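Trainee: Could we go through this model together, one question at a time?
Mentor: Gladly, let's have a look.
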Amino acid sequence: MTANHDDLAALNRRRSTPSRQLGEPGPDEAQLETILAAAVRVPDHGKLAPWRFLRVRGDTRLQLGELLAARARERDPQAPEAAVEKDRRRFSFAPLIVAVIARLTPGHKVPEIEQLLSGGAVCFAMLQAAQAQGFGAQWLTGWAAYDPVVLARLGLAENERLLGFMHIGTSNEPAPERDRPDPRDLLSDLSL
Ligand SMILES: Cc1cc2nc3c(=O)[nH]c(=O)nc-3n(C[C@H](O)[C@H](O)[C@H](O)COP(=O)(O)O)c2cc1C
């Protein structure tokens, strides 16, 4: 077994770029395909491919922002204008947002939690692949990812869950680093 230090270095360089920092250019068609090809390589118990991708780009991003703002007002008519405005602008920064949607098969011998976990791995693989191509990316959810009205407008079926909005684009500033947990604090040995 030979260690590949380039691969390890890439893993250890991973960090999110806040969506507000992201702008043009976003991935072109070929680059997006590369990102998705990395995404679908995730472990997938039962080979269910229990996920799908919904691309949000161009003016649709702004329309989605309008949808969120209207829904935010509906949810809370007293919501401060600043909060509603934040929702309106949420999807206006990154040129490309890919919503990762879990497609769950209830009652399958592969438990639903495993189907969801595979989808989480998809999201993470997308972050890695985007960064490997020189893009910045951030995995965001926010209330909209759990709001039944928004989800219905996005076309999610009863058995589907929105796992994340993956914002992808280019940043002119370095992505901020944050303190990371010390893995040694998290490790213990099983003794029976
Ligand atoms: C499932 C999931 C949902 C997230 N949703 C949000 C969110 O709505 N808003 C937010 O500020 N960060 C959210 N984050 C955190 C960011 O993706 C990211 O981890 C954070 O900006 C720190 O950057 P880092 O990835 O470099 O640690 C979410 C992370 C995960 C795993």
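Our talk covers the sheet, a helix pair and the ligand shell.

Mentor: This is a predicted model, where local features need pLDDT of at least 70, side-chain atom pairs count only at pLDDT 80 or more, and totals for chains, interfaces and linings use all residues. Residues are numbered from 1 along each chain as its sequence is written.

Trainee: In what order do the 4 strands of the open sheet lie?
Mentor: Strands (E, at least two residues) are DSSP runs numbered from the N terminus, as are helices (H or I, at least four). Two strands pair if DSSP finds at least two bridges between them. The pairing here is antiparallel, and the order is 1-2-4-3.

Trainee: Is helix 2 parallel or oblique to helix 5?
Mentor: The axes, lines fitted to C-alpha atoms over the stretch in contact, have angles from 0 to 180 degrees between N-to-C directions. Those of helix 2 (residues 29-39) and helix 5 (residues 112-132) come within 8 Å and cross at roughly 140°. Angles under 35 degrees count as roughly parallel, over 145 as roughly antiparallel, 65 to 115 as roughly perpendicular and the rest as oblique. Therefore helix 2 is, relative to helix 5, oblique.

Trainee: Which strand gives the largest share of the shell around the ligand?
Mentor: The shell, with C-beta atoms placed from the backbone within 6 Å of the ligand, includes Arg15, Trp139 and Arg178. The largest share, 3 residues, comes from strand 3 (residues 136-140).
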